[in-house]
Amino acid sequence: MIDSSLKPSAAKVRLAVFDVDGVLTDGKLFFGEQGEALKCFHTLDGHGLKMLQQAGIKTAIITGRRSTFVEKRASDLGVDFLYQGREDKINALNELLEAQHFSMDEIAYLGDDLPDLPVIRRVGFGCAVINAHPFVRQHAQAVTDHHGGLGAAREFCDFILDAQGKLEPMLAEYL
């Protein structure tokens, strides 16, 4: 469970940004006969992104790889901003900030590996998945209880929504 003392930071979030491999997937890559990298996404995580959007929070993906599967998943989920093939994730984030006028303290980021670290350290709410590289976990504000691709993104989304007082009303809709 993410430490509740971080709720003030999560309450400011207007943009939630996600890495893909190891965050929205479990990090494993399966290769098809044509050499394409296949990825497996968790539906709980996807619904978490949709819930953020319903609450008026923009979503973005910044990933070092290019994949038609990621493009399709982002489109299916209605992700607002997609940056693929971007190893230098802080530059991609800065481009997004310049175009959309968010401030760093209004951004949450969930990552797992060293290319994510510059972003995790600069945003208002920088998190790592529990199976992230130890150095990344050490420098993140928070670490999820769930593994990447297995509910970590949903945990992150739920925490942001709860910090903003939006989670319980959303859950009540299902009662």
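This is a predicted model: local features need pLDDT of at least 70, side-chain atom pairs count only at pLDDT 80 or more; totals for chains, interfaces and linings use all residues.
Me: Which residues of H2 meet H7?

Reply: On the H2 side they are Leu44, Asp45, His47, Gly48, Leu49, Met51 and Leu52. Their partners in H7 are Ala152, Ala153, Arg154, Cys157, Asp158, Ile160 and Leu161. The residues of this contact divide into nine nonpolar, two polar and three charged.

Me: Which residues of H2 are buried, and what do they pack against?

Reply: Asp45, Gly46, Gly48, Leu49, Met51 and Leu52 are buried. The buried residues of H2 pack against several elements, among them strand S1 (15-18), strand S4 (58-62) and helix H3 (68-77). Helices H7 (152-163) and H8 (167-172) are partners too.

Me: What span should H2 have, and how far apart are its end C-alpha atoms?

Reply: Count 1.5 Å a residue: the twelve residues of H2 (43-54) should span 16 Å, and the end C-alpha atoms are 16 Å apart, which agrees. H2 is followed by Gly56, which has a positive phi, near 90°.

Me: Where is His101, and is it buried or exposed?

Reply: His101 is in the loop between helix H4 (89-100) and strand S6 (107-111). Exposed means over 50% relative accessible area; His101 has 64%, so His101 is exposed. Its phi is near 60°, a positive value in a residue other than glycine.

Technical notes:
Residues are numbered from 1 along each chain as its sequence is written. Side-chain values use heavy atoms; hydrogens and water are left out. Helices (H or I, at least four residues) and strands (E, at least two) are DSSP runs, numbered from the N terminus. The expected span of a helix is 1.5 Å times one less than its number of residues. Buried means under 20% relative accessible area, exposed over 50%, partly exposed in between (1.4 Å probe, protein chains only). Contact means heavy atoms within 4.5 Å. Ala, Val, Leu, Ile, Met, Phe, Trp, Tyr, Cys and Pro count as nonpolar, Asp, Glu, Lys and Arg as charged, and the others, Gly among them, as polar.
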